[in-house]
Amino acid sequence: MDGQQFDAGPLTGSKRERALERARNLAEAGWNDNLLSLIAETPEESILENQVTLVPELPHWTSARVALIGDAAHGLSPHIASGGTLGIEDVGVLRSSLTAEADLEKALATYEHARSARFETVREHSAAVEHASNAGEFAQRYAAFSRWMLTTAPAT
């Protein structure tokens, strides 16, 4: 998106109607009847509509005495839901770095270095999912990302 603004036109209908319309767009194979029922049964005031915000990449996640983990370090748009997983992985890698290195500043630098390549690949998958041209391509790219995350998770 690179700072571009897109106007989807005026919103019409209730929040529930808009959510149902979006969910129906995902139902090409009829797999989401439970999702449609869940939305239909959700009270209107409980349905949230939040604009997706892309977070710029941080140049560093650590300093001499502080380390960021999860979304604080790797802020990505929420469409791939990777922040929690990255945070759990980060904790394991940070723990290993702190255990292996007596000098705090070096341990934190080791943690950041150890996570940089993995996070860069997550960012690439995120961009691929974000720029999918249709629901099928989105699903394929998200499945590829999920498969990669599951098969390459660091041992902690």
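Predicted model: local features only at pLDDT ≥ 70, side-chain atom pairs only at ≥ 80, totals over all residues.

Residues are numbered from 1 along each chain as its sequence is written, and side-chain values use heavy atoms, with hydrogens and water left out.

Now switch to a cartoon view. You will find six helices and zero strands, in the order α-α-α-α-α-α along the sequence. These elements are DSSP runs numbered from the N terminus: helices are H or I with at least four residues, strands E with at least two.

Next, select Leu 76, Ile 80, Leu 86, Phe 119, Val 122, Phe 145 and Met 149. They have the most contacts inside the largest nonpolar core, which has 15 residues. Such a core is a set of buried Ala, Val, Leu, Ile, Met, Phe, Trp, Tyr and Cys residues joined through side-chain atoms within 4.5 Å. Colour α4 (83-100), α5 (104-130) and α6 (135-152), the elements that give two or more residues to this core. The most come from α5, with five residues.

Zoom in on Met 149. Leaving aside neighbours within four places in sequence, Met 149 is in contact with Thr 85, Leu 86, Glu 89, Arg 118 and Val 122; contact means heavy atoms within 4.5 Å. The whole structure holds four aromatic pairs; rings of Phe, Tyr and Trp (its six-membered ring) pair if their centres lie within 6.5 Å, and planes under 30 degrees apart count as stacked, over 60 as edge-to-face and the rest as tilted. Tyr 142 and Phe 145 make a tilted pair, 6.1 Å centre to centre with 55° between the planes. Both sit in helix α6, three residues apart, about one turn of the helix. Is Phe 145 buried or exposed? Phe 145 is buried, with a relative accessible area of 3%, whereas Tyr 142 is partly exposed at 30%.

Then select Trp 61, Tyr 111 and Phe 119, which ring pairs link into a cluster. For a last stop, show Arg 118, which lies over the face of Trp 148 at 4.4 Å from the ring centre. A charge sits over a ring if NZ of Lys or CZ of Arg is within 6 Å of the ring centre and within 35 degrees of the ring normal.

Technical notes. Buried < 20%, exposed > 50% of the residue type's maximum accessible area, 1.4 Å probe, protein only.
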